[in-house]
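Welcome to this short tour. Open your viewer, get ready to select residues, and follow along stop by stop.

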Amino acid sequence: MSDIPKISPFLWFDNNAEEAIDYYTSIFKNSKRFDVSRYGEGGPGPAGSVMVAAFELEGQRFTALNGGPLFKFNEAISFVVNCDSQDEIDEYWEKLSAGGEPGQCGWLKDRFDLSWQIVPTILPELMQTGDAEKTGRVMAALMQMTKLEIDGLQRAFEGA
């Protein structure tokens with residue numbers, strides 16, 4: 001039986017899949033690189049460049065393709081990074097947004113235009129209490145933030 005998961009994300013890059021893999025595996029401590037297939041003399045990419053490569057970040061397997069400029073990433077698909085502390089949020093936010101673009105509510109685009117959400121693990125607890133007033137305050141605070149701040153979300157929850 002293969003250790004390849006039944007379903008995994010497949011990421012289409014123009015010509016920088018290997019650079020992206022190096023970037024992502026440097027950010028996430030629990031990461032691995034797997035098989036790499038390279039283009040031969042018959043193309044369509046330059047001979048020796050990555051055609052398809054597999055990698056893993058925090059237990060999630062990905063496949064990257066150098067497929068050319070036909071398709072681009074957009075915000076319709078993003079990856080959520082669940083963080084247990086503000087330090088962890090700060091670290092992932094800083095690293096993934098470097099050379100990219102911060103967005104609203106914990107969203108950002110990295111330097112490859114891939115969208116990420118950097119989210120505290122406490123957020124569902126704050127949002128799913130059944131108390132519409134508390135949830136409304138948390139949502140109002142969240143909508144004012146770019147990088148999410150746990151203390152600010154908790155203060156909103158408490159009505160402080």
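Is Asp84 buried or exposed? Select Asp84: this residue is exposed, with a relative accessible area of 63% (buried means under 20%, exposed over 50%, partly exposed in between, with a 1.4 Å probe and protein chains only). A word before going on: this is a predicted model, where local features need pLDDT of at least 70, side-chain atom pairs count only at pLDDT 80 or more, and totals for chains, interfaces and linings use all residues. Residues are numbered from 1 along each chain as its sequence is written, and side-chain values use heavy atoms, leaving out hydrogens and water.

Asp84 lies in the loop between strand 5 (78-83) and helix 2 (86-97) (helices are DSSP runs of H or I with at least four residues, strands runs of E with at least two, numbered from the N terminus).

Ile150 takes you to helix 5 (residues 150-158), whose buried residues are Ile150, Gly152, Leu153, Ala156 and Phe157. Seen down the helix axis, they fall within an arc of 165°, so they line one face of helix 5 (the arc is that of the directions from the axis to the C-beta atoms). On the other side, select Asp151 and Glu158, which are exposed. Finish at Gly159, which follows helix 5 and has a positive phi, near 80°.
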